[in-house]
Amino acid sequence: MFTIEAKRVLTPVTKLIVVQAPMVARKARPGQFVILRCTESGERIPLTIADYDREKGTITLVYQEVGKTTRLLGRMGVGDAILDLVGPLGMPAELPREGRVLCVGGGVGVAPVYPKAKAMHEMGVDVVSIIGARSADLLILEEEMRAVSTAVYVATDDGSRGHHGFVSDVIKQLLERGEQFDEIIAVGPILMMRACVEVTRPYGVKTWVSMNPIMVDGTGMCGACRLSVDGKTKFCCVDGPMFDGHAVDWAEAVRRSRIYLEEEKIAVDHMNCAEGGCRP
Amino acid sequence: MTSKGSRVEMPRQAPKERIKNFYEVALGYTPEMAMETARYCIQCKKPGCVKGCPVNVKIPEFIEKIAEGDFAAASRIVKETNSLPAICGRVCPQEEQCEKYCVLGKKGEPVAIGRLERFVADWEAENMKIDTPPEPVHPTGKKVAVVGSGPAGLTCAGDLAKMGYRVTIFEALHAAGGVLVYGIPEFRLPKSVVAREVEYVKSLGVEILTNVIVGRTITVDDLFEEGYEAVFLGTGAGLPKFMGIPGENLNGVYSANEWLTRTNLMKAYLFPEYDTPIKTGRRVAVVGGGNVAMDAVRCALRLGAEEAYIIYRRSEQEMPARAEEVENAHEEGVVFKFLTNPVEVIGNEAGWVTGLKCIKMELGEPDASGRRRPVPVQGSEFVIPVDTVVMALGTSPNPIVSQTTPGLRIHDWGGLIVEEQTGLTTREGVYAGGDAVTGSATVILAMGAGKTAASAIHRYLTEKQGR
């Protein structure tokens, strides 16, 4: 099942894999995600579907090695199989079919932005993109984004490429100089998305974000992924993952994303330890 | 005929020991204990027990074989009507079913039918290397899809396979068993027992595809297009309920589903050997009075909680949980706060739970359920200091299948509308049973519904061929 057919190392910590998953590929649409598990004792983690090929029966996943599961995944190579993979989960993004849309991707978030930008571009939408990362060597999918955008702006936290600063700064510059967008789609780390939303709020431009909270089953069963949108509790796995960023309760979302920070560290330490890399 | 044997108590792990582990609490009968218990049955001519069993296990017959010491024969009799005896022997509410109608129970104690069923199933697993071979049937060549591998789905699939259908079960999670693996804890139903029963169903020729969500990965319409001639929906009641009180999204508030799934399916109690974590906290409050609440609170103790509370708005009498589970919880040191209802979850500045604000309740007039309605006592609010709150308020059916299947109708509360005698939904060829139809109920009722639907599907496909 779920055999890795191709792998690209995008940055030292970001990898792209093309996985054989015909049933998922047949139904997948931009905005949806999968949940996977690498080992019998492994955790279930959600990853956005970055691309899919219905004919070849493959999906593309892009991930950054942050926790134990993504590190394990990072070690897998072509020919290896992922133990469990289920999807497509979540609601497909409701993408505009015309007009001008600003697509913003931060860090590994460029990966989930790409299929949306591509789909809109194919429908005739004027796509303008901003991609960002901590530094130039961590930028991903720039070529792919250029192929589906009329303009691509780059921002790096350290100034090693493009604008010296955050993607949200670039959004602000574009809006300040009077550029018009019908919608903005911002995907990336939670603090980046929050910053983008705060920048666009005064301009009243509809800003969609793709939330990535902690999940277990991904089918609406456990409620781990709940968040407040417009004061109502939503389950990201079945109601999302795309939400109106101006309606999200960000303080709650940020706080809930940190529930298991301590345990995530323990899991990684435990893995290192088991492999003889114990710190004295 | 008079009774010779006696109702032997099943040995259990001592409470102080068992709250430190997830091993099974009830340890099982020895052959001697089983035979002594079996001899207690007076072999009624018109046994009430069988009528009380949703799958009509031939109870006196299998008990007679145990009394004779022919456990293999007993096992074959049980499996004629029940594909999952090791599970039913452990989690059925026998006091509400077979044992309730035992004639001996009218004056004294009923025969321990559940314990005997468990004994037979466990004996078979240990002693009969090759499973009881199912009676050979001529494959009909027809394909039937079963959605969900919980008790309803497994039973329906097993029965259809025995009737000669090619059955495929589609399971959303990575493991088969549904609520038997994600919900019911190891100490009440070991996962190895579930795996064994799943293997039995597979040995009947049933194919199980995990990691497939019907309604997402594939739709019911797709299944018909792929040549399945009937579909059984045993999708359970997977949607958690919350109270809608302030503070429910604080860090440290879990639905019982999440709490149990992390613990049982993902084995969070073995973290970090297993990767999935859980935040237990020192003091845990579980809100609710059903079996799920008992499971959740007993998990809390085993996960290391020093204080574990059941918060229930009615009194002990109205608790829907099985008496046996309530007793187990009492023995293990769970503190029951009856006539108490949460009004707010209190948190600290960082957003973590620090307490549960509750109000005292008193019982008023009977409500629709026939139980006396709890009403709040004005001004009686108080705070129980806790680190973790688990909401075990019941569940409702998951809408993924009903939302993606044209022609399926549901009740306002989410349950699938079916014809009671057959399980037929509002769409031809689509049947349903278990919690997806009834809302959260019991394993055995789901199995009964799976059985009913299997017969109905068989009639439907036979008639369809004749048309």
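How many residues does the contact take from chain A and from chain B? Chain A gives 45 residues and chain B gives 43 residues. The model is predicted.

**Interface of chain A and chain B**

- About 3,800 Å² is buried between the two chains, and carbon and sulfur atoms give 55% of that area.
- Five salt bridges are found across the interface.
- One of them joins A:R26 to B:E226, with the closest N and O atoms 3.7 Å apart.
- The interface also holds 25 residue pairs in polar contact, both residues being at pLDDT 80 or more.
- On the side of chain A that touches chain B, the elements giving two or more residues are α1 (22-27), β6 (84-89), β13 (226-229), β14 (232-235), α8 (250-257) and α9 (261-274) of chain A.
- β6(A) provides the largest share of that side, with six residues.
- By class, that side of chain A has 20 nonpolar, ten polar and 15 charged residues.

**Sheet in chain B**

- Five strands of chain B form an open sheet with parallel pairing, in the order β3-β2-β1-β4-β16.
- β3 (207-209) and β16 (430-432) of chain B are the edge strands, each pairing on one side only.
- Neighbouring strands are turned by 20° against each other on average, direction ignored.
- β1 (143-147) and β4 (228-233) of chain B pair in the parallel sense over five bridges.
- B:V147 has B:L233 in β4(B) as its bridge partner.

**Helices on the sheet**

- α9 (151-162) of chain B packs on the sheet and touches β1, β2 (166-170), β3 and β4 of chain B. The direction of α9(B) makes about 165° with that of β2(B).
- α18 (443-466) of chain B also packs on the sheet, touching β1, β4 and β16 of chain B. The direction of α18(B) makes about 160° with that of β4(B).

Note on methods:
Residues are numbered from 1 along each chain as its sequence is written. Chains are lettered from A and ligands numbered from 1 in the order in which they are written. This is a predicted model: local features need pLDDT of at least 70, side-chain atom pairs count only at pLDDT 80 or more; totals for chains, interfaces and linings use all residues. Side-chain values use heavy atoms; hydrogens and water are left out. Contact means heavy atoms within 4.5 Å. Buried area is the accessible area (1.4 Å probe) that two parts lose on being put together, summed over both. A salt bridge is a side-chain nitrogen of Lys or Arg within 4 Å of a carboxyl oxygen of Asp or Glu. A polar contact is a pair of N or O atoms within 3.5 Å; within protein, one must be able to donate a hydrogen and the other to accept it, and residues adjacent in sequence count only if both atoms are side-chain atoms. Helices (H or I, at least four residues) and strands (E, at least two) are DSSP runs, numbered from the N terminus. Ala, Val, Leu, Ile, Met, Phe, Trp, Tyr, Cys and Pro count as nonpolar, Asp, Glu, Lys and Arg as charged, and the others, Gly among them, as polar. Two strands pair if DSSP finds at least two bridges between them. Axes are lines fitted to C-alpha atoms, for helices over the stretch in contact, and angles run from 0 to 180 degrees between N-to-C directions.
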